[in-house]
Amino acid sequence: MPKNNEIKRVLVIGSGPIVIGQAAEFDYAGTQACRSLKEEGLEVVLLNSNPATIMTDKDIADKVYIEPLTAEVVEQLILKEKPDSVLPTLGGQAALNLAMELEESGFLKRNHVRLIGTTAETIKKAEDRLEFKSTMEKIGEPCAASLVVENVEDGVKFAESIGYPVVLRPAYTLGGSGGGIANSRHQLMEILENGLRLSRVGQVLVERCIAGWKEIEYEVMRDARGNCITVCNMENVDPVGVHTGDSIVVAPSQTLGDKEYQMLRTSALNIISELNITGGCNVQYALHPDTFEYCVIEVNPRVSRSSALASKATGYPIAKVAAKIALGYTLDEIKNAVTKKTYASFEPMLDYCVVKIPRLPFDKFISAKRTLTTQMKATGEVMSICDNFEGALMKAIRSLEQHVDCLLSYDFSRLSKEELLEDLKRVDDQRIWKIAEAIRRGITYEIIHEITRIDIWFIDKIAVLVEMEQALKACAPKVASGRGGIDRELLKEAKRLEFPDSVIARLTGLEERKVHDLRYEYGIRAVYKMVDTCAAEFAAETPYYYSVFGGENEAEKTDGCKKVLVLGSGPIRIGQGIEFDFCSVHCTWAFSKEGYETIIVNNNPETVSTDFDIADKLYFEPLTPEDVESIVDIEKPDGAVVQFGGQTAIKLTEALMKMGVPILGTKAEDVDAAEDRELFDKILEECRIPRPKGDTVYTAEEAKGVANRLGYPVLVRPSYVLGGQGMQIAINDHDIDEFIGIINRIAQDHPILVDKYLQGKEIEVDAVCDGENILIPGIMEHIERAGIHSGDSISVYPAQSLSKETKQTIEEYTKRLARSLHVIGLINIQFIVCGEEVYVIEVNPRSSRTVPYISKVTGIPIVSLAAKVIIGHKIEELGYASGLQPEADYFAVKMPVFSFEKIRDADISLGPEMKSTGECLGIAGTFDEALYKAFLGAGIRLPKFNNMILTVRDEDKPEAVEIGRRFAQIGYRIFATAGTAQALKAGGVKAITVNKIEQETPNLMDLILGHKIDLVIDTPPQGAERGKDGFLIRRNAVETGVNVLTAIDTAKALITSLENTNIQKLTLVNIAEI
Amino acid sequence: MKAFLILEDGTVFAGTSIGSARDMISEIVFNTSMTGYLEVLTDPSYAGQAVVMTYPLIGNYGVTPDMESDKAWPDGYIVKELSRVASNFRCEGELNDFLISQDIPGIAGIDTRALTKLLREKGTMNGMITTNENYCMDEILPQIREYAVGDVVSEAACQDTYVLEGKGPSVALMDFGAKKNIIKSLNQRGCKVTVYPADTTAEQIIRSEPDGIMLSNGPGDPKSCTSIIEEIKKLSETNIPIFAICLGHQLMALAHGAKTYKLKYGHRGGNHPVKDLAGGRVYISSQNHGYAVDYSTMDSTVAEEAFINVNDGTNEGISYVGKNIFTVQFHPEASPGPQDSGYLFDRFLDMMKGAK
């Protein structure tokens, strides 16, 4: 069927801010789809509130709206842009829900706009629990015994009829929000109450527990003619019970025979056909490990995280094909973009094994429960490819960048056997390390399987790795006595299993360099194989590579042009998000335009940078020095760019230089100078720029010395980290002891910094420097005062409260710093402004989190400008005057978005350590409207009940009175704890005093759990002693869906925004025209 | 124990011996299925060939009852990695033990992707698996090159007629090396299936008055089956509905004057898209064939092309004009591979019903 020519102008809806369960994969899918639509000559109107994405670039879509994802906005946009079609299947659950809302209200029909990609009927059949169940029953596909309930009583009744444990799944939520397994009536009531609240339609499915069964997924494609194929199947190493987003996943399935494989495949095709899906779809199964019995767990009638993974695992571009299908094409009309010979109507065959490991945020939320459940907690993931499972697992482990590089990285050797067995019962992110320890102790596969329900085949693979550890350890005495090293066969096998040189060195006692040299001597070198979708059956043209040890090398060095190596930013984590992928991709495009051959190295399956047609060559590999060196050995690039890939890439600088690869742009020693305290102080002195006083220390004692000399409060942080990891404000010696203890849990290669903490306005600047001149697209001001991580602050452009002189000072300081650090490319500087005094607090001679945002709101493409400057162009040649650019006519507000409700027991109070997972943008002609849009985009929709709780620390009380007054004026009833209430009353604001948690009921907790509160403003005291009370309040509030603000400045911004809710008609801004 | 795979062009892959340690020479072909190694090993169509699995991890679920015949057929077995444990609820043993019990030599630990690329570029080649480290290239290369698959149909087919009872239509199945699942697919649909050896005459079959005739898959070069082709010609002149798969499909085409040819490296796997030219639908099919029908040599008034391969446009099915004869190159019985085209057996049943 050829393209439907009635489709000319398509509105594509994105997925909004990155939250746990809905992340970068939708930028990847959306970007691929938009490009695919444009390829067909269609006009693309894009809506997404997330400014950090590539899809919201003017080169991706024709019209770009970074506006809140609400039904009102979509309606207004449809009236303004008059698209003939809406494509909602590429923006995750967010877009799908919006489309449903518009369809149900009849808006689309009234305005003659069609949904393409999928019909409303299909969405309903797949997403509505009841309809889904009856559809499955109709075609004889089994589901676990289940019932949709709308209240707790019905849930309890049903659960008790089928018996505990039961699984709870709220309808229409992402990442399984609010779901869980209940083993008792008590647990059931707790989870159910929460789930009912989180579900958009107030429905929760109570289901027979199939925990322990194999969890298998199929990615299926179908076109309007009814042709269907499966792209890939995947097996979760962790059996049912752990959300697939938090599971270790392998593709293809490893423990299924053809009978099981085809049984589920046929079922998946039947389901997609019955649901009448046109496009991509994901079907999840639970398969009984000892019979052919299976249950359909879930169907997603859209592209998903799993489909991004399947695309990267197979080379089959699901989103691109889904977009073409939406236009009416059939699978056999769409070319396979990888082989360029075959068509999309085939099934990829893998001749390798893919392992995905989730990136969990427990290094950020150290108080959080590590337990994994059906509620997803991962912020990102890594993928690796190898020709054996063990190797793929090892590569994935070291890709995580969590200080793990083998199965010895978490030490459980101190546990007794009983403790270990007990610990194995806990399903958490360290489970494979515990299994490895159990194997070391000689615990049998059967016992391990009995406890974990993980298939024996996987347990054996872990055992293979443990045996290799032991074989390498056995070499140690020989090495120690100088009687030799490791024999060739053993080393070859260790490398086949992807043991890094560093681990081999640790186990054998050889120096790492020695292992490296020995390898080269023996001729044991990584070779590269191609991901070609067809197991080598056809010659493929897309250079998408992975490494293995042994065999023929397929990656060939191309000659005749300059080659640049672009290092990606690895898995999405808090502090290093999708922004860096945006930078890597734009850098790649810029180099490409300048005639370079571009080579990307990255390991994140969710991102645009790892799409096969972004760079000339893609290496899907861990980002460690050894892995990069193997690529360098073959590609011999003319240079590497590290300044766009966040800390991941920066950390590789030294290693690259040792390999003889020139670092393009700012030199490594200058990057160091910005991080090295002494060097940096010297530069500041030379530039006559003040900074808060401070010093470097290694121990708590030294830190206390410095702190007392400077006077508390002080800021304590490790150097060379992103996202303020480990950064804290200490108010006394006790805090120092605690913070340094936490920092030193992980061995530090670099000193710890202790600085005087200044509470001023925080200002941020991104600039391009060509060595001589600078270009500052704009100055951003944070709404929250210094002390809250810049990534968690609301950021406003242009800066609202700075005098002309201060702006000039900032421009001047930026210029001086960029010059003296010899910056070629990007630099990010954070300032504190106290009165008219400007202090520098941090300098990063690299791209930053704010780069996509500032690029979009100023219309200045600073990544490509920086790349051009790196290549050798001067700013003035590029059509820009140097210095601070004139301010835009718009106001833009970048709002952080958090995923606190997903992480049980994480403290949500904001501080110097970053906690947000994503961001959204509000852009408008006035500041008030921009702020209003930003809060709307972040999902804060008030008022509901007009009740709020106010409890603030002493120093915030004067401001709290003012804030209280304003909230009271717009009709809020204020509940406050005694101290705050007293202050409010003294200031003439009406407040109702409530008991603290430890006091008798009714107290704060009862109020929160009573579901009658819109908002909690709770500003905790600084320092480690934040009080168990506050923590409990904040946690409970977040988990019951109440908005919680922990900074007084955020509260002020919110009330300003609420005072402007009379803004009925929003002005929609087409970013492409800025 | 070390083992070597030596190809006729002199390429040598060194690996580890699996299965039997004896030497073997055969035609080397690759299969891209990711599951179903047992079905592949027991598919009689592999008689006279040694098979390389492109999926690198083989034997993961051990030996399950999923056999397509009573024994393993390939002359040799080539894998990247043979799993050291077998894990599946139906597992009855380990694959290596099975290979040994079937006396099939094999090699593991070689770069199967490089081998596959070589076969793709140069076309199917002969090769030898040996555990003799001191092989003499000059001596063995002529032997390797000399190897020809030969008459394997008589070897692969059953020797005696047997019957699977059923209450539905009676089907006479000519066994050229039939996979069990073809027989089972008919039997499960209620057919009474009588399986005849490959050298059964047309008269014998016609005399049994079947409601339909099924021509099975099988190994080797279809052109070499001259006497069978003659018999098929006679069968096609009756009005008995005929359905044919793979070799049967090729033989029917040959019986109608078309030509067959050897594909460069064949189609072996479970992901080949075939298009039903009647409705335009595409199905993913299970395939195992080294030869194909050149439809351009067929008189189009005699037979219409019914299916083509979406990848390379080769013929995948033929419908005979004015006759109850319908043949496909691919394997609707799956095993291993997708079950999407199983509906063709239903179509055969309808043909038989319609003919009554």
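## Gln800 of chain A

In this predicted model, Gln800(A) is exposed, because 11 other C-beta atoms lie within 10 Å and the cut-off for an exposed residue is 12 or fewer. Gln800(A) sits in a loop of chain A, between strand S30 (795–797) and helix H29 (804–820).

Leaving aside residues up to four places away in sequence, Gln800(A) touches Glu781(A) and Phe927(A).

## Gly883 of chain A

Gly883(A) belongs to strand S33 of chain A, which covers residues 883–884. Gly883(A) counts as partly exposed, because 16 other C-beta atoms lie within 10 Å, a value between the limit of 12 or fewer for exposed residues and that of 20 or more for buried ones.

When residues up to four places away in sequence are not counted, the contacts of Gly883(A) are Ile774(A), Ile776(A) and Glu811(A). Gly883(A) and Lys815(A) are 68 residues apart in sequence, while the distance from C-alpha to C-alpha is 8.0 Å.

## Overall fold of chain A

Chain A contains 37 helices and 40 strands. Its C-alpha trace spans about 75 × 70 × 65 Å along the principal axes. The radius of gyration of chain A is 28 Å; a compact globule of 1074 residues would have a value near 31 Å, so the two agree.

Of the 1074 residues in chain A, 62% count as buried. Among contacts in chain A with a separation of 6 or more, 72% join residues 24 or more positions apart.

## Helix H10 of chain B

Helix H10 of chain B comprises 13 residues, 343–355. At 1.5 Å a residue, this helix should span 18 Å, and its end C-alpha atoms are 18 Å apart, so expectation and model agree.

The buried residues of H10(B) are Leu344(B), Phe345(B), Phe348(B), Leu349(B) and Met352(B). Seen down the helix axis, the buried residues of H10(B) fall within an arc of 155° and therefore line one face of the helix. An α-helix has 3.6 residues a turn, so residues three or four places apart point the same way. On the other side of H10(B), Tyr343(B), Asp346(B), Asp350(B) and Gly354(B) are exposed. The packing partners of the buried residues are helix H6 (180–188), strand S13 (212–215), strand S14 (242–245) and strand S19 (325–328), each in chain B.

## Interface between chains A and B

In the interface, 40 residues of chain B are in contact with 44 residues of chain A. On the side of chain B that touches chain A, at least two residues each come from helix H3 (112–122), strand S15 (259–276) and strand S16 (282–294) of chain B. H3(B) gives the most to this side, with five residues. By class, the side of chain B that touches chain A has 15 nonpolar, 14 polar and 11 charged residues.

## Confidence of the prediction

The model has an ipTM of 0.98 and a pTM of 0.95. For chain B, the average pLDDT is 97, and 100% of the residues score at least 70. Where pLDDT is low, predicted coordinates should not be read in detail.

Notes: Residues are numbered from 1 along each chain as its sequence is written. Chains are lettered from A and ligands numbered from 1 in the order in which they are written. This is a predicted model: local features need pLDDT of at least 70, side-chain atom pairs count only at pLDDT 80 or more; totals for chains, interfaces and linings use all residues. pLDDT is the predictor's confidence in each residue, from 0 to 100. Two residues are in contact if their C-beta atoms, placed from the backbone, lie within 7 Å. Helices (H or I, at least four residues) and strands (E, at least two) are DSSP runs, numbered from the N terminus. Ala, Val, Leu, Ile, Met, Phe, Trp, Tyr, Cys and Pro count as nonpolar, Asp, Glu, Lys and Arg as charged, and the others, Gly among them, as polar. The radius of gyration is taken over C-alpha atoms; the globule rule is 2.2 Å times the number of residues to the power 0.38. The expected span of a helix is 1.5 Å times one less than its number of residues. The arc is that of the directions from the helix axis to the C-beta atoms.
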